[in-house]
Amino acid sequence: ESGSVAFKNRVFELPAASGAWAQGDALYWNGTALTTTASGNTFAGIAFEAKATSPTTGKVILFPNPTA
């Protein structure tokens, strides 16, 4: 159970750019919102659940920046 608790503690609902994503997609921070666009953005984590185009927030499992 401790693994499950640790996993849940890393899920955050953050501002999201327009555009859909699927559960497990890599997400990036563009300075104001999550996006699936890697170019010019900072890796943030993976999508915890799918998001349709219009919602302004999305759930992400955050990971440390591997290049920092």
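Analyst: Start with the definition of the elements: helices (H or I, at least four residues) and strands (E, at least two) are DSSP runs, numbered from the N terminus. The place of asparagine 30 is in the loop between strands S2 and S3. This is a predicted model, where local features need pLDDT of at least 70, side-chain atom pairs count only at pLDDT 80 or more, and totals for chains, interfaces and linings use all residues. Residues are numbered from 1 along each chain as its sequence is written, and side-chain values use heavy atoms, with hydrogens and water left out.

User: Which elements does the chain have, and how do they run from the N terminus?

Analyst: There are 1 helix and 5 strands. The run is α-β-β-β-β-β.

User: What is the order of the strands in the sheet?

Analyst: Two strands pair if DSSP finds at least two bridges between them. The open sheet has the order S1-S5-S4-S2-S3, and its pairing is antiparallel. In general, strands of a sheet pair through backbone hydrogen bonds, either parallel or antiparallel.

User: What makes S1 and S3 edge strands?

Analyst: Strand S1 (11-15) and strand S3 (34-35) each pair on one side only.

User: How do you know that S2 and S3 pair?

Analyst: The definition asks for at least two bridges. S2 and S3 are joined by 2 bridges, so they pair. Tryptophan 29 has leucine 34 as its bridge partner in S3. In S4, the partner of tryptophan 29 is threonine 42. The hairpin of S2 and S3 has 4 residues between the strands, and glycine 31 there takes a positive phi near 105°.

User: How many bridges join S4 to S2, and how many join S4 to S5?

Analyst: S2 and S4 are joined by 4 bridges and run antiparallel. Strand S4 (residues 42-47) and strand S5 (residues 57-62) are joined by 3 bridges, also antiparallel. Isoleucine 46 stands opposite isoleucine 61 of S5. Alanine 47 faces valine 60 of S5.

User: Why are tyrosine 28 and phenylalanine 43 called an edge-to-face pair?

Analyst: Rings of Phe, Tyr and Trp (its six-membered ring) pair if their centres lie within 6.5 Å; planes under 30 degrees apart count as stacked, over 60 as edge-to-face and the rest as tilted. The whole structure has 1 aromatic pair. The ring centres of tyrosine 28 and phenylalanine 43 are 5.8 Å apart and the planes stand at 70°, so the pair is edge-to-face. Tyrosine 28 lies in strand S2 (residues 26-29) and phenylalanine 43 in S4, so the pair ties together parts that are 15 residues apart in sequence.

User: Are tyrosine 28 and phenylalanine 43 buried or partly exposed, and why?

Analyst: Buried means under 20% relative accessible area, exposed over 50%, partly exposed in between (1.4 Å probe, protein chains only). Tyrosine 28 is at 16%, so the label is buried. Phenylalanine 43 is at 24%, so the label is partly exposed. Of the 68 residues of the chain, 21% count as buried.

User: What makes lysine 51 count as lying over the face of tryptophan 21?

Analyst: A charge sits over a ring if NZ of Lys or CZ of Arg is within 6 Å of the ring centre and within 35 degrees of the ring normal. Lysine 51 is at 5.1 Å from the ring centre of tryptophan 21 and lies over the face.

User: Which residues does asparagine 30 touch, and why is asparagine 30 called partly exposed?

Analyst: Contact means heavy atoms within 4.5 Å. Not counting residues up to four places away in sequence, asparagine 30 touches Ala17, Thr35 and Asn41. The relative accessibility of asparagine 30 is 34%, so the label is partly exposed.

User: Where is threonine 53, and what does threonine 53 contact?

Analyst: Threonine 53 is in the loop between S4 and S5. Leaving aside neighbours within four places in sequence, threonine 53 is in contact with Ser18, Gly19 and Ala20. The relative accessible area of threonine 53 is 48%, so threonine 53 counts as partly exposed.
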